[in-house]
Amino acid sequence: MTAVAPSRPISQLTSGHLPKSMPWILLAFSMFVSGVLFALLNTSGDLAEFNIAGTLLLGMVIYLIAITVVSSIAESRRHATDRLMTALVASAFVLALIPLVSLLFTVVVNGLTRMDGEFFSFSMRNIVGAGGGAVHAIWGTVLITLVAALISVPIGIMTAIYLVEYGANGRIAKIITFLVDVMTGIPSIVAGLFIYAVFSLILGPGVSFGFMGALALSVLMIPVVVRGTEEMLRIVPNELREASYALGVPRWLTIVKVVLPTAVTGITTTIMLSISRVIGETAPLVLTAGITPNLNVNLFDDPMMTLPVFAFISYDQPGVDVQAYLDRAWAAALTLIFIVMVLNLGARVIAKIFAPKMTGR
């Protein structure tokens, strides 16, 4: 009998296949080479002056070249092209994510300095230096945004229902669609000037209170709600409407019981996008809601402070203790992000509760 030679392990580099760990090894090597190059260029030796963004960008370029060359040698040109496109997509995702992560990191690090009990329980009344808080701005933001949503959401949803379910391609529907598109591109300062001019003609110049700010924000919210809700209603299958009509259900009840529940998740997301669009507005609220260091929960009397305006004033017009004002500005920005996050989580829970239940066999 002839002895059978033991089989040798096949190397993945010569079998037309790269090991799964090879892309990560190349990425680490590319970042290392890029870091060494920028470290040599940093003649001062100061870590604060080290170019992190440049290191990441150059490292990604080196990685793109390396993965393409190695894959073309070990695999094939088609595999190399596929890995290059995958690396380009991943690089684009990372580049888009870097500003967001950097923004969140900066706000969190600087905002936590004043995230204490005093910040959430005191206003800026009689405060000229350190101390004080933003409770008056938090109440103003919540109340003004809530009223703006109560005004905008019903108007926007009912307008979208008319455009999709009743207007079809009629002349009125086309005019409304055109006006909504125009309103979508209106700068926020124009909405504030419009509301301020209207109330100045009625009540006299110089007037400002919370309800004016809510109306200015609703001007910005309505077109967003209309366009988003309209698109959500259009993707509801017509078979659902026809099945309801075949059972003798009237159109209005079909919309309430079939169409809206089917599109409730998308409509809720649209509402949250519209709120996120306006909750950070500063220019229209400076004109309409005004500026005040006092706590005011009356939307129809006296100025009302909001978090965006509070952060802007604290940063733009610091008092004697500059650092104290800057700390309050960062804390206000972090509080605003936290409010938006809570609203988004609440909207997702509501959408999940009211979404139609899908039963399987």
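In which helix is the place of R328?

Author: Happy to! R328 sits in helix 13, which covers residues 322-354 (helices are DSSP runs of H or I with at least four residues and strands are runs of E with at least two, numbered from the N terminus). Before going further, please keep in mind that this is a predicted model, where local features need pLDDT of at least 70, side-chain atom pairs count only at pLDDT 80 or more, and totals for chains, interfaces and linings use all residues. Residues are numbered from 1 along each chain as its sequence is written, and side-chain values use heavy atoms, with hydrogens and water left out.

R328 is buried yet has no salt bridge. Buried means under 20% relative accessible area, exposed means over 50%, and partly exposed lies in between, with a 1.4 Å probe and protein chains only. A salt bridge needs a side-chain nitrogen of Lys or Arg within 4 Å of a carboxyl oxygen of Asp or Glu. For R328, the nearest side chain of opposite charge is D321, at 7.2 Å; here Lys and Arg count as positive and Asp and Glu as negative, while His and the chain ends are not counted. Setting aside residues up to four places away in sequence, R328 touches R114, F119, M124, I127, G129, A130, G131 and F310 (contact means heavy atoms within 4.5 Å).

Elsewhere, charged side chains do find partners: the structure holds 7 salt bridges. One of them joins R241 to E165, with the closest N and O atoms 2.8 Å apart. Because R241 lies in helix 8 (residues 238-246) and E165 in helix 4 (residues 135-167), this pair ties together parts that are 76 residues apart in sequence. Both R241 and E165 are buried. E75 pairs with R83, where the closest N and O atoms are 3.0 Å apart; E75 is buried at 12% relative accessible area, whereas R83 is partly exposed at 22%. The pair of E281 and R277 shows a closest N to O distance of 2.5 Å, with E281 buried at 13% and R277 partly exposed at 32%. There is also a salt-bridge network that links D181, R227, E230 and R234.

Helix 13 also meets helix 3 (residues 77-111): the buried residues of helix 3 pack against helix 13 and helix 2 (52-74). Those buried residues are A80, A87, S91, V107 and G111. At 1.5 Å a residue, the 35 residues of helix 3 should span 51 Å, and its end C-alpha atoms are 50 Å apart, which agrees; the expected span is 1.5 Å times one less than the number of residues. Helix 3 does bend by about 30° at L97, with a proline, P99, following within four residues (the bend is the angle between axes fitted to the seven residues ending at a position and the seven starting there).

As for records, the unreviewed UniProt entry gives "domain: ABC transmembrane type-1" for residues 138-347; UniProt positions follow the numbering used here, feature names are shortened, and annotations may be inferred rather than shown by experiment. In the model, residues 138-347 are 78% helix and 0% strand, with end C-alpha atoms 20 Å apart. The entry's "transmembrane region" features include residues 86-113 and 329-351.
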